[in-house]
Each structure stands twice: as structure tokens, then as C-alpha cells.
Amino acid sequence: VLAELIEKFVSHLSESRMDCYFSTGSCKAMYADVKKENLSSMQKLGVEMTVRYGKYLNLLKEDAENGLCFVLLNCEEFLKQQQRTVVSSLCCLQEHSAGYDWFASSIFLIMSGHKEKTLTFLQQFSRLLVSAFLWLPRLHLSMHLPVTTLEYGIHPVYFCSAHHVEMLLKAELPLVCSAFHMSGFTPSQICLQWITQCFWNYMDWSEICHYIAICIFLGPDYQIYMCISVFRHLQQDILKHTEA
């Protein structure tokens, strides 16, 4: 039901010029070139984890691994069409890929391992503003960002969403804010980790689906409210650890 709902919602928005924030090229399927060998060792590990998790949730069948490889490689190819070359010594700007694509993997699971549906959804989704915040590889080396922003190698999620989380945390949860300050960590570091991984390994699958759906339906600012909610939920644990 959720898959059908977000499919229809995103399809409807992507047909409206007013809702399309990004222009995109055409996504060409490259069946001949799609092989698991083309993935990096980190991506292969991510594929194994995703498939294992999908089977545990009874969402994927036996041949799911090839389907996920197909999705990841085609996404990489599709996003490469919208990247620019940046001369920089930063390691994160040397590669076309921005690490393992947790968002595409999440959509693959939501679509029950249907590779064509997943790719069609991601192509349409990439036109919407919310894609910049939920799908982090979307803006990696992207021509949609100013060159000065690209050269710093800092994703907009860090200086937009994570920054606003810190601002809200001071007002909403001052004790949690102080605890982070004392620890030497910043809440934005933790939030970036959560958001990059789509809250995998932090929330249950149903909650991950709610997070993705809420941000798609209600807007990217709900990513910030979700992080604040998690900090509020963890407040007692955070304070206890600070005392210890």
C-alpha cells in the first residue's frame, strides 16, 4: 500500500512544472553493462546487507541481489549525467559515487524488489526538492549546486537540515544540547549519520518507512522534526550516559 501511495504521489508531482525543482535527463537502462563485478567492495557489502535484511522482512525473493545491483548501477549512471568535475584534494570528491546508496536500497525494499518500479520512482523523485534531502547521492558533485559549495565537499543536508536540528535542539531540548556540548560531539554529526543511512540500524523497518513517507508527503523540513523527536525519545538515555 505504501509503495503504491508514494508512487502515485511522486508521479503526480513530477508531472507538475511548479513542483519540479530539478530538471533531469533520461534514465537509460544498461542491461548489458550491469554486473555485480562493476560494484565497489563497499557497495557489494551494502548489497549483501540489504538483501539479507529484505529477506528477513519477507520483502525480497532469491534473485533480489541482481535486481539491487541493477538499480544501484543504473542510479549511479543516471546521477553521473548531472555531475560536474571538481578539481580538489578532498577524498570525498575523487569518486563519482558518494558511498553506499541507502535511500535507493530502502525504496527497493519498499517496492518489494521490483527493479523497474524502483528506477522509475527514483527518476521521477529526483525532480522534486525533497530528493536533495532524502537521497544524499542525488547532490553529490551535482551541477545543481554552486561550484563553491561543491569544493567544500559538505552536503547541503549538513548545513541545512543538521544545522536547523542544532538550532531547534537548543530551544526544545536544552539538556540534550548541553550533554552533546560536554561530550565534544555535535548533534549534527549524529543526524548526518542517521539521515545518510535513512535511519537503518537505528529504527525498525516500519519507522523507516514512516520517515520516508512523511518527508515525501509533508516536505523535507519533517526530516528536522524527526531528528528532534528521536533526540526527545532518547533524552533520558543521553542524560544518563552523560552522568556516567
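Biologist: What share of the contacts in the chain with a separation of 6 or more comes from residues 24 or more positions apart?

Modeller: Such residues account for 76% of those contacts, where contact means heavy atoms within 4.5 Å. This is a predicted model, in which local features need pLDDT of at least 70, side-chain atom pairs count only at pLDDT 80 or more, and totals for chains, interfaces and linings use all residues. Residues are numbered from 1 along each chain as its sequence is written, and side-chain values use heavy atoms, leaving out hydrogens and water.

Biologist: What makes H3 oblique to H4?

Modeller: The axes of H3 and H4, which come within 10 Å, cross at roughly 135 degrees. Angles under 35 degrees count as roughly parallel, over 145 as roughly antiparallel, 65 to 115 as roughly perpendicular and the rest as oblique, and therefore H3 is oblique to H4.

Biologist: Which residues make that contact, and how many of them are nonpolar, polar or charged?

Modeller: H3 contributes Ala 64, Gly 67, Leu 68, Val 71, Leu 72 and Cys 75, while H4 contributes Ala 104, Ser 105 and Phe 108. By class there are 7 nonpolar, 2 polar and no charged residues; Ala, Val, Leu, Ile, Met, Phe, Trp, Tyr, Cys and Pro count as nonpolar, Asp, Glu, Lys and Arg as charged, and the others, Gly among them, as polar.

Biologist: Which residues of helix H5 are buried, and what do they pack against?

Modeller: In H5 (residues 115-125), Thr 118, Leu 119, Phe 121, Leu 122, Gln 123, Gln 124 and Phe 125 are buried, that is, under 20% relative accessible area with a 1.4 Å probe, counting protein chains only. The buried residues of H5 pack against helices including H1 (2-14) and H11 (205-218).

Key:
Buried means under 20% relative accessible area, exposed over 50%, partly exposed in between (1.4 Å probe, protein chains only). Helices (H or I, at least four residues) and strands (E, at least two) are DSSP runs, numbered from the N terminus. Axes are lines fitted to C-alpha atoms, for helices over the stretch in contact, and angles run from 0 to 180 degrees between N-to-C directions.
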